[in-house]
Amino acid sequence: MALLDAASIAKLAGVKVRARAVMEGVLSGLHKSPHQGQSVEFAEHKEYAPGDELRHLDWKAYAKFDRFYVKRFEHETDLRAVLVVDASGSMGYRSGALSKLDVAATLAGALSYLLVRQQDAAGLSVLSGGRFSDVPPRAAAGHLMTLLSALETLVPGGPTNLPAAADHLAEGLPRRAMVVLFSDLFDETPDALRRILQLRSRKHDVAVFQILDPAELEFPFDDPTLFLSMEDERRLEVNAREIRESYLEELGAFLAQTRAQCTEMDVDYQLVRTDDSLDAALLQFLAKRQGRRR
Amino acid sequence: MSFGHPWLLLGAVGALLPLLVHLFDRRRPKPRPFAAIAFVLRSHRRTASRLRLKRLLLYTLRTLLLLAVPVALARPEFVRPGSGALRASGPAATALLVDRSLGMRFRDGDTLFERAREEARDALAGLLPEEPVTLVPCGPDVEVPAAPSFERARLREALDRLQPSFGGADLNRCLALAARALEDSPLPGKRVVVVSAFTAVSLQLDVPAPRVKVADKLVQPEVVLRDVARGRALPNHFLLEVKAEPAPHLGSRMVAVTFTARNVTPGEAQEVPAALELAGRPVAKAFLTLAPGSTTQKTLTARAEAGGALAGAVTLQADALGEDDRRDFVVQVPRDLRVLVVDGSPNSVRYRDEAFFYEAALSAPGSPARPTLRDTEAAWREKLSDYDVVALLNVPAPSPEAAARLKAFVEAGGGLWVSMGDQVEADSWNQRLAALLPRPLRLVKSAGATGETALRPARLGDVAWDHPLFLPFTDKAREGLLAARFSRYMLVEAGQQAGDSAQVLAAFDDGAPALLLARRGKGRVLLFTSTVDRDWSDFAIRTSFLPLVQRSAAYLAGGLDERERLEGHVGQTLVLRPETAGAVAEVRAPSGARVPLRPDADGGLRVGPFLEPGIYRPLDTAEAPALPPFAVVLDAAQSDLTRLKPEALAAYFGEEAVKGPAGASEAKAPLWTWLLVAAAVVFFLEGTLLRTP
C-alpha cells in the first residue's frame, strides 16, 4: 500500500479516520521488517538451566555450538505515553489543505492507535487558549475512542506557552512516561523549548514533532503584505520580497537551534511539514527510535 | 551652456514621477495572518535601515534617469570661452600663430606655452578637412612661414617640437607674416588663429591690423584669439638690472653688486629673498619688499676668492616666471699687482724720499697693488719677471745690461712707469732706453716754484679724459687734477717724426707733454715728465694723485682693459673687438651649444644671436678660454606681463572678427551624448540595486 500524502489525508473527514488511515500505512510499512513492531524484544542469550522454558531454546545456537542456549526477551509492558498537542493560535495556520493543528491531531491519533494496539497506556494533554485539557493515560481498548474524540474537537486559539506546558506535565506525570509533543514551537519566551526538554532530567522519554507550514518554511510572498499575528495584536506592513532572505536566515537559525537543543538533551526530534506524507513522517520517527534502542 | 531644443526641457518635470508615485500610489497591502510573525518582525528590524537607504537611492536614481533623458533630448552644449575656431562662411586658409615669447614660460599649474600647444592642437583639430593651414611660431627669431598646406601630421610634429624662447615676440610682425603666407592660398577665406597671452609688450595696438591681399584688394582676415591666460592677470616680479663692480674701497677683491628688482604684481611682495652667487656659490643674501608697480634697488657686497673675470648671478625667489628672477653677470675683480718701485733718490726723512708718496698711494687700503721698494742698486738685482710693473722714480739711466733686461721685461708684457727728477740725465737715458721711452728726453724746464711770482707754475691743460686712466676723473675730481701745479718738468722731443707711436695722455698748459704712453711689444710704458715727490710739483699731495697712480699701475698691468664691460641680451648679437677676437674659435652657450660667429664689417667678430641667458665662454681652438666669459641677460621689458584689455583687442582686430568678451571665440562642446551615457549607467545601477536583496 502506498503511503498517504497530505492531500489525500485531507480528503478524509475527521481525525479518527485520518488517524486510522495513517496508522494502517504505518503498520504496512512495519510489516516489511520482521524485527519491528514486536511487543517484546530480544535481549540476550543464557545457557540453559533446568526450569527454563523449552520454547525459548535457540536451536540455531545449539547447531552452531553444540550447547543449549535460551533466548531472553525484554517486555514493554510498562509504557505510559502522553501525547501533548499544542493548539495555540499559531497552530491554526494553513497555506495548503491541512493546518498545523490538523497534522498534529492526525499524528497524535495515529500514534494513539499504535500504542493502544500494543496495549500500552496512552494519554493526551492539549494546550489551548492558555489552558490544559488532559485525558489520563490508559491501556484499555475503549480508551482509544476517548482520545480520538478529544483530538477531533480541537480548536486553535490563544498564545503558545511551552514553559506552562512543561510545568503542567512535570506535575501531572509522577511516574516515568513517554512525552510526545506536537507543536510549531513558536514561543518567544526565553528557554521555552529547554523547559520542555528538561523533562528528560525527570526520566521521562521525550519526543518532539515540530510541525511547520511550507509557507512558513519558504516565505513565498512577493507583494507588500500586512502580516497579522495569529496569537496577539501584532501586525506589520512590509514588502515581503525585501525581507525574504533575512526571514529565511532567522528561521533557519531557529530550526538549527531547536535541533541542536534536542540533540543535546537526547530528545527525538522530527520536523514535519504540513504537506509531508504523515505516515512516512511517523515511520521515520519510529525507525529513529528503534535505531536508538538497539 | 546652451540647448538645441530648449522646449524639450519641459520633460524634466517627469523627474517628479518617482516622488509622486511614492506619495500618492499607496496600494493597500494584502492582510495575511501569519504564524511566524516573530521572524518577520525580527527580519524587518534587521533590514529596515538598509532598505530605507536602498529605497532612497532608488528614488534618486530614478529621478536622475527621468531628468537625464529630457535634458539630453534638449541637446545641451557647453560653451567654452576662448576656444574653438570661428567659422567663416565656407572653408578658410588658416595661419596658426603660436606665441613663443618669454612670458609664455609663466607657470600656472602648467606653463602657458604648454597650454598654447594644446590650444593650437585643438584649433587644428577643429578645422575642416578642406582648410589648409600653416604654422607661424612667433619668437625672437621669426621666419617667413610656409604656404598653407594640408600636411596636418607634419604640422602636429612641428607643434610638438616647438619650445618657448627666452626672448620677446613681435606679434605684429608675426601677424603680417601670417597674412602674407595666407595670400599664397587660392581659397577666398582667410583666417589667423592667434594663441598667446596677449601681453602689452608683445602686441602694439598703434600699428595697423593685418590685411590680406585677395583679388587685388586688401581685406581683413578672420582673426581668432585664443587666450592661454584665460583672462587672468599674470603677476610677476623680476630683476630689471644687475650692475657688478669691483669695490676696492671696501677691501681687496671686494665686489659690489647693485641690482634692481621690479614688481608688476597688483599686490605687494614682502620679504622676497634675494641671493648673490659668485662662482656658483651663494655669498650674500637679502630680503626685498616690492611694492606693486615699483622698483627696488639693493647692493650686496662680497669678497671674491681670486682676481680676474668672475661669473656670478643675482637670484630672487622664483615666482610663476622664474626665468627672469635670475640675472647673470661677469665682474672683473682686480688682480693683485706686484709693483717694483725703484727709488732713485732715497732719503732718511720719509716725506722727502722720492718714493714716499708713490708707495703710499699704491699701498692705500683697497689698492690692488703690492709695492716692493728698492734703491737703484738693489733693484737691478731683482728678477723682473716676478713683477707686473716696474716704476723708475727719478732713477739714473740704468746700465746697458739692466736696460736690456728692462726692455725684455716690457716687451714680454710688463708695465713700466718712468717719472723724472734730478737724477735723470736726458742724454744717458736717451742712449740706454731709447727703445722704451715714448719719446726721447730733451731738457728740464722750470716753470716757477710754488709761491714765486716771476714764473707761473704750469698746470695740466689738455687731458685725454676718455682714456681709461682718466675715466674716474669727473667733476670735482677733474678739477682736483687740473689744480696741480708743476714748477719743473722734462721736455721731450716733438712727436712729428715718422714711426712715433707715443700717445700724449696729458699735457701742460704750455703744450709740453706731461704724461705719455707708448706700447713696446706686449707691454706699456708711461712717462711722467715731472716728479712724484714734491721737488718739481705739488701733484703728490693732491687728491688726484692717489687714484691716478693706482690706475696707472693697473693700466700698465692691463687691468683696466679687462674691466671693459661685455654683456649681451637674449635675441641680440655682440661684437668682439678686432684686437681681442683673433684668438676666438668658438663661443659656448650655457647649455653647451655653439653660438653662431661671423666676421663683422670693422674686422671684429659678431657673436649671436643669443638664444638663452647665462654665462657664455669664448674658447680658442684648443677649447681653452680665449677671452674672459661674458653674461647674456634677458630683455627686462619682456618680463612685464601686463595684459592687453579685451576691449582694446576687440577694437584693434574688430568686433566682427573677434568673438567673446575676452577677445576669444566660443566653442560648443556637446553634452547630450555624455548625458545619455550617464542615463544608461544610472539605469544599470538602478537595475543592480533593485536586484540587491
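Me: What does B:Asp122 count as by relative accessibility?
Reply: B:Asp122 counts as partly exposed, at 30% relative accessibility. Buried means under 20% relative accessible area, exposed over 50%, and partly exposed in between, with a 1.4 Å probe and protein chains only.

Me: Before going on, what kind of model is this, and how are residues and chains labelled?
Reply: This is a predicted model, in which local features need pLDDT of at least 70 and side-chain atom pairs count only at pLDDT 80 or more, whereas totals for chains, interfaces and linings use all residues. Residues are numbered from 1 along each chain as its sequence is written, chains are lettered from A and ligands numbered from 1 in the order in which they are written, and side-chain values use heavy atoms, with hydrogens and water left out.

Me: Back to B:Asp122. Which residue does it form a salt bridge with?
Reply: The partner is B:Arg226, and the closest N and O atoms are 3.3 Å apart. The pair links distant parts of the chain, 104 residues apart: B:Asp122 lies in helix 3 (residues 112–125) of chain B and B:Arg226 in strand 11 (residues 222–227) of chain B. A salt bridge here is a side-chain nitrogen of Lys or Arg within 4 Å of a carboxyl oxygen of Asp or Glu. Helices (H or I, at least four residues) and strands (E, at least two) are DSSP runs, numbered from the N terminus.

Me: And B:Arg226, buried or exposed?
Reply: B:Arg226 counts as buried, at 1% relative accessibility.

Me: What about B:Asp227, where is that?
Reply: B:Asp227 is also found in strand 11 of chain B. At 7% relative accessibility, B:Asp227 counts as buried. The side chain of B:Asp227 has a polar atom 2.7 Å from the backbone nitrogen of B:Gly231, and a polar contact of 2.8 Å joins the side chains of B:Asp227 and B:Arg643. A polar contact is a pair of N or O atoms within 3.5 Å; within protein, one must be able to donate a hydrogen and the other to accept it, and residues adjacent in sequence count only if both atoms are side-chain atoms.

Me: New topic: the interface. How many residues of chain A are in contact with chain B?
Reply: 30 residues of chain A are in contact with 21 residues of chain B, contact meaning heavy atoms within 4.5 Å. The two chains bury about 2,600 Å² between them, 68% of it on carbon and sulfur atoms. A:Leu236, A:Glu242 and A:Glu250 supply 22% of the area that chain A buries against chain B, more than any other three residues. Buried area is the accessible area (1.4 Å probe) that two parts lose on being put together, summed over both.

Me: How many salt bridges cross it?
Reply: The rule finds four salt bridges across the interface of chain A and chain B. One salt bridge joins the side chains of A:Glu250 and B:Arg42 at 3.6 Å, N to O. A:Glu249, A:Glu250, B:Arg42 and B:Arg46 are linked in a network of salt bridges.

Me: And polar contacts there, how many pairs?
Reply: Nine residue pairs are in polar contact across the interface of chain A and chain B, with both residues at pLDDT 80 or more.

Me: Which elements of chain A supply at least two residues to that side?
Reply: These are helix 8 (214–218), strand 8 (224–228), strand 9 (235–239) and helix 9 (240–264). Helix 9 gives the most, with nine residues. The residues of the side of chain A that touches chain B divide into 16 nonpolar, four polar and ten charged. Ala, Val, Leu, Ile, Met, Phe, Trp, Tyr, Cys and Pro count as nonpolar, Asp, Glu, Lys and Arg as charged, and the others, Gly among them, as polar.

Me: In what sense do strand 8 of chain A and strand 2 of chain B pair?
Reply: Strand 8 of chain A pairs with strand 2 (residues 30–33) of chain B in the parallel sense, over four bridges. Two strands pair if DSSP finds at least two bridges between them. A:Thr225 stands opposite B:Lys30.
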